[in-house]
Amino acid sequence: MKDLIAKMAREGYEPGFPGSMETANHAIDAELCANGICENCNHVGLTYMPFVEQTSQDFRAFSFCPECGNAEEL
Ligand SMILES: [Zn+2]
C-alpha cells in the first residue's frame with residue numbers, strides 16, 4: 001500500500017475524499033471492495049483506497065489487495 005500512496009503522492013493526490021462527496025457513496029464502494037476478489041491472486045477481501053487531489057478536488061479510488069499488493073483503479 002505504501003507504493004500506491006507514494007505513486008499517487010507524486011501525481012499530487014493524497015489519501016482522502018473530496019469534501020463535496022457523499023459519505024454514503026464511499027460506504028458502498030468500501031463494501032464492494034471488502035467483497036471483491038483480487039485479479040492477481042484471487043484473494044477475497046480488498047481494501048478501499050480513496051485519493052483526492054486537493055487543488056482540483058479530483059477523486060480517484062483503488063481496490064488494494066492486502067495479500068499480494070495489487071491495486072486496481074475503480
Ligand atoms: Zn492479490
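Biologist: Which residue in β4 does Ser 63 stand opposite?
Modeller: This is a predicted model, in which local features need pLDDT of at least 70, side-chain atom pairs count only at pLDDT 80 or more, and totals for chains, interfaces and linings use all residues. Residues are numbered from 1 along each chain as its sequence is written. Strands β3 and β4 pair in the antiparallel sense over three bridges (two strands pair if DSSP finds at least two bridges between them). In β4, the residue opposite Ser 63 is Glu 72.

Biologist: What pattern does the protein chain follow along the sequence?
Modeller: The protein chain has two helices and four strands. These are DSSP runs numbered from the N terminus: H or I of at least four residues for helices, E of at least two for strands. Read along the sequence, the pattern is α-β-α-β-β-β.

Biologist: Which strands stand at the edges, each with a single partner strand?
Modeller: The four strands form an open sheet in the order β1-β2-β3-β4, with antiparallel pairing. One side of each edge strand is left without a neighbour in the sheet, because each has a single partner strand; the two are β1 (13-15) and β4 (71-73).

Biologist: Which residue in β3 is the bridge partner of Met 49?
Modeller: β2 and β3 (residues 58-64) pair in the antiparallel sense over seven bridges. For Met 49, the bridge partner in β3 is Phe 62.

Biologist: Which strands does α2 touch where it packs on the sheet?
Modeller: Helix α1 packs on the sheet and touches β1, β2, β3 and β4, with its direction at about 145° to that of β1. Helix α2 also packs on the sheet, its direction making about 140° with that of β2. A contact needs two C-beta atoms, placed from the backbone, within 7 Å. The strands that α2 touches are β2 and β3.

Biologist: How many residues of α1 are buried?
Modeller: A residue is buried if 20 or more other C-beta atoms lie within 10 Å of its own, exposed if 12 or fewer, and partly exposed in between; the C-beta atoms are placed from the backbone. Of the 74 residues of the protein chain, 12% count as buried. Helix α1 (residues 2-10) is hardly covered, and among its nine residues the count of buried ones is zero.

Biologist: Is Cys 41 buried or exposed?
Modeller: Cys 41 lies in the loop between α2 (23-34) and β2 (47-53). Not counting residues up to four places away in sequence, Cys 41 touches Cys 65, Glu 67, Cys 68 and Asn 70. With 11 other C-beta atoms within 10 Å, Cys 41 is exposed.

Biologist: What radius of gyration does the protein chain have?
Modeller: The radius of gyration is taken over C-alpha atoms, and the globule rule is 2.2 Å times the number of residues to the power 0.38. With 74 residues, a compact globule would come out near 11 Å. The protein chain agrees with that, at 12 Å.

Notes:
Axes are lines fitted to C-alpha atoms, for helices over the stretch in contact, and angles run from 0 to 180 degrees between N-to-C directions.
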